[in-house]
Amino acid sequence: MRKSHPVRRVVLATAATVSGVVLMLSLKPSTDPASAQAGGTPPQQTAAAQESAQGGTGAAAGGSVTGDVVQTQYGPVQVRITVSGNRITKAEAVQAPKGGESDAKTALSIPKLTAATVAEQKSDVDTVSGATYTSEGYKKSLQSAIDKANAAAQQAQPSAQPSQPAGGGGAAAAKTVTGAVAQTQYGPVQVRITVSGGKITNAEAVQAPKGGTSDQKTELSIPKLNQEAVAAGSADIDSVSGATYTSEGYKKSLQSALDQAGG
């Protein structure tokens, strides 16, 4: 029998050891969850979890108030305002008409309306030409947001705090009152006013005749009547020529609002 050479035995033993190590490494899992956590690598968050964490602040912390949804002929309009120091610092439309021609009208009107809101600090901003329905819906939702902000400011005042002197200009000093509905031959008219320091600071029609020729008469008369109400500080204002019924209904509802506000 031939004797095995010592060098050959060493080579074979070394080869066997290397093969065993390679086999062990190939069987080891590529990722060890325990070691990954021990190393400080955080688990991947889901999209929902990330969104929840980012949205945890809440609108109230930013002083934001969202008005009511106002349905218009072309779709809903809803306005959100941000109030700081009794002033509107930001306005935006969270809903506006869209689709077809409405896209162009919304893109035209909303930036102008939001800019006018911050500049004039009231809901009685100018209607954007070519986007009447969107503008009217915007102003109604804006007034709703202002009313909510005023109510929140009044509740936040300490009970022992003395009332603000008339004409102080603060949001909490204003009082918004909606008059009774006045029925006219062409439809209902209802007026809402804001009173501050014993004066009418804002007036608007929350209801007015619409449909057919009434749309034109309402668009002609209501802005003039609103301006006259603020200027006169009473319901004794001139009727708008060509819109007699709407004017008379406006003045009746305006007087009702003044009566509720204490004259």
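This is a predicted model: local features need pLDDT of at least 70, side-chain atom pairs count only at pLDDT 80 or more; totals for chains, interfaces and linings use all residues.
Before I come to the helices, a definition: axes here are lines fitted to C-alpha atoms, for helices over the stretch in contact, and angles run from 0 to 180 degrees between N-to-C directions. Helices (H or I, at least four residues) and strands (E, at least two) are DSSP runs, numbered from the N terminus.

Residues are numbered from 1 along each chain as its sequence is written, and side-chain values use heavy atoms, with hydrogens and water left out.

Let me begin with the helix pair. Helix 4, residues 101–120, packs against helix 5, residues 132–156, at an angle of about 35 degrees, and their axes are 10 Å apart. On the helix 4 side, Ser109, Ile110, Leu113, Thr114 and Thr117 meet Thr134, Ser135, Tyr138 and Leu142 of helix 5, where contact means heavy atoms within 4.5 Å. Sorted by class, that contact has four nonpolar, five polar and no charged residues; Ala, Val, Leu, Ile, Met, Phe, Trp, Tyr, Cys and Pro count as nonpolar, Asp, Glu, Lys and Arg as charged, and the others, Gly among them, as polar.

I turn now to strand 7. This strand, residues 187–196, has nine of its 10 residues buried, buried being under 20% relative accessible area with a 1.4 Å probe, protein chains only. Two strands pair if DSSP finds at least two bridges between them, and strand 7 runs antiparallel to strand 5, residues 175–178, with four bridges joining them; in one of these pairings, lysine 175 has valine 195 as its bridge partner. Three bridges join strand 7 to strand 6, residues 182–184, again antiparallel, with glutamine 183 partnered by proline 188, and a hairpin of two residues links these strands. Seven bridges join strand 7 to strand 8, residues 199–207, also antiparallel, and in the two-residue turn between them glycine 197 has a positive phi of about 65 degrees.

Finally, which elements cover the buried residues of helix 7? They include strand 5, strand 6, strand 7, strand 8 and helix 6, while the buried residues themselves include Tyr250, Leu254 and Leu258. The 17 residues of helix 7, 244–260, should span 24 Å at 1.5 Å a residue, and its end C-alpha atoms are 25 Å apart, which agrees; the expected span is 1.5 Å times one less than the number of residues. Just after helix 7, glycine 262 takes a positive phi of about 95 degrees.

Note on methods:
Buried means under 20% relative accessible area, exposed over 50%, partly exposed in between (1.4 Å probe, protein chains only).
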